[in-house]
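Please read this briefing alongside the sequence and the 3D view. It goes from the whole chain to single residues.

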Amino acid sequence: MNWLAEVDKRKEELLQDLQGLLRIESTKDNATAGPGQPMGRNIAQALDYMLGLSEREQFRTGNLDGYAGYAEYGNEAAPEYVGVLCHLDVVPATGQWTTPPFEPDIRDGKLFARGAIDDKGPTLAAFYGLKLVKDLGLPLKRRVRVIFGTDEESGMECMKTYTEREKMPVSGFAPDADFPITHAEKGQINTKFYLRGFGSSSAGGAAAPQYELVRFDGGGIANMVPESAVAVVAGEPEALASLAKRYEAYCADAGLAGTVEVDAGQATLRMRGKSAHGMEPHVGVNAALKLIRFLGGYSFQPDAARYIGFIDKHLVDDHLGTALGIACVDDITGPLTVNAGIFQYDGASAPFFHLNIRFPVSYSSADVLKPLEEKIAEYGIEMDREIDLKEPHHVDRNHPMIRTLQTIYEEETQLEPTLLTTGGGTYAAFLDNGVAFGALFPGREETAHQVDEYIIIDDLLKATAIYARAIYELANLED
């Protein structure tokens, strides 16, 4: 069967449905959360939109109180089903976009919008893959569900809820990474680190500090490299003027985009960096850490000095956790990485920073947490009791599902079906036999979480063809 030719017949309809979904600003919003919309009004709207498309196609649908939904096709009496795990939430569209991020724009064969590649474009590709199987009347041994998650970017409460309420798929994939096949995912530790004993520090007879840190803010999403940071510093007029000059020189020497304003006894230092996905902190420019590195050269009040000092020594220019004593690596997924994604110092509450740590599949969370806790204790830093923890995930390369997907990918693309690993976390980890399968093709620019995110339209169509065939073959895979 020529799967791509069948997809081409549905191209305009696919693009129209996708653009409708992309127009919904489905970022998490606790302010509008409530019954039936636990992630906020806009994400609930996105879920309703996809369930509406599902009903249009006469799929069986389900809505788990707004946490997740699904479109199902196949013999309702079949005891097993294959899952395609997608997500409808997106990260905020920060930065200067060429066109508005929630007004999808097609130019040069690309569709630009927040969520185009992560994960609304791939979601519609999978949805149309199931539609194609239905339209062609292909027989299925197992049922198939395209599952719509709502909280992938924040805490995956959607899939946690799904696993509690629903029987899980026998196998499946998440169209939320790279082609060919990602069969291993690093574990993750996400939590805040607080300055212990805040407000009780004393200079203890030491010389008065030259400056006072009034406020420091950087980032806002744990799994994104902060693209902006600001520090407000108080001091004597001459000292502030000197600080401003040195900051300008620091930025110029390092090629950084920083600005400074001095007014009413305070200097406001701003830094612009480059956002990137938290699994690849080395790809971005962490604005907060660049600003901390500058502040680390000056004396501040005791609490601020401890906060700045620890971060400067243990996080700046160290994405591998070496200074924290947690560096490790394996042959499957490579090295541990650390993304410092959120910073806050306001002088009123305990200062904190938030780390997103991703560790190799050959290690457990205990292997990382024990030395980390020992290291931070030396510096009066304590870890939040609430830790978002994800152990590593790994499906053996010889699993029949993987061999099937490799064959499909190779025959549909004429490309080598190499097995991949990732530092990212996808819904695939919720399945014993789950992998991430596309939708970004080899050699393509990765724009997820970045300004001017896009998907190449020809790639979208090709992915849809691959997903249609994968749905059909996995649903009929022999036990």
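Predicted model: local features only at pLDDT ≥ 70, side-chain atom pairs only at ≥ 80, totals over all residues.

Residues are numbered from 1 along each chain as its sequence is written, and side-chain values use heavy atoms, with hydrogens and water left out.

**The chain as a whole**

- The chain holds 11 helices and 25 strands; these are DSSP runs numbered from the N terminus, with helices being H or I of at least four residues and strands being E of at least two.
- Along the principal axes, the C-alpha atoms fill a box of roughly 80 × 45 × 45 Å.
- Of the 479 residues, 56% are buried (buried means under 20% relative accessible area, exposed over 50%, and partly exposed in between, with a 1.4 Å probe and protein chains only).
- The accessible surface is about 19,400 Å², and carbon and sulfur atoms account for 46% of that surface; areas come from the Shrake-Rupley method with a 1.4 Å probe, and for residues only the protein chains shown count as cover.
- Among contacts between residues at least 6 apart in sequence, 78% join residues at least 24 apart (contact means heavy atoms within 4.5 Å).

**Aromatic rings**

- The count of aromatic pairs is 27; rings of Phe, Tyr and Trp (its six-membered ring) pair if their centres lie within 6.5 Å, and planes under 30 degrees apart count as stacked, over 60 as edge-to-face and the rest as tilted.
- Tyr 194 and Phe 352 form a tilted pair, 5.7 Å centre to centre with 55° between the planes.
- That pair links distant parts of the chain, since Tyr 194 is in strand β10 (residues 187-195) and Phe 352 is in strand β18 (residues 352-359), 158 residues apart.
- Tyr 194 is partly exposed at 22% relative accessibility, whereas Phe 352 is buried at 7%.
- Tyr 247 and Tyr 250 are a stacked pair because their ring centres are 6.4 Å apart and their planes are at 25°.
- Both tyrosines, Tyr 247 and Tyr 250, are buried, and they are three residues apart in helix α6 (residues 237-254), so about one helical turn separates them.

**Charges over rings**

- Lys 134 lies over the face of Phe 59, at 5.6 Å from the ring centre (the charge is NZ of Lys or CZ of Arg, within 6 Å of the ring centre and within 35 degrees of the ring normal).
- The charged end of Arg 145 sits over the ring of Tyr 81, at 4.8 Å from its centre.

**Phe 310**

- One aromatic cluster contains Phe 310 along with Phe 193, Phe 198, Tyr 307, Tyr 345, Phe 353 and Tyr 379.
- Beyond its neighbours within four places in sequence, Phe 310 is in contact with residues including Leu 324, Ile 376 and Ile 381.
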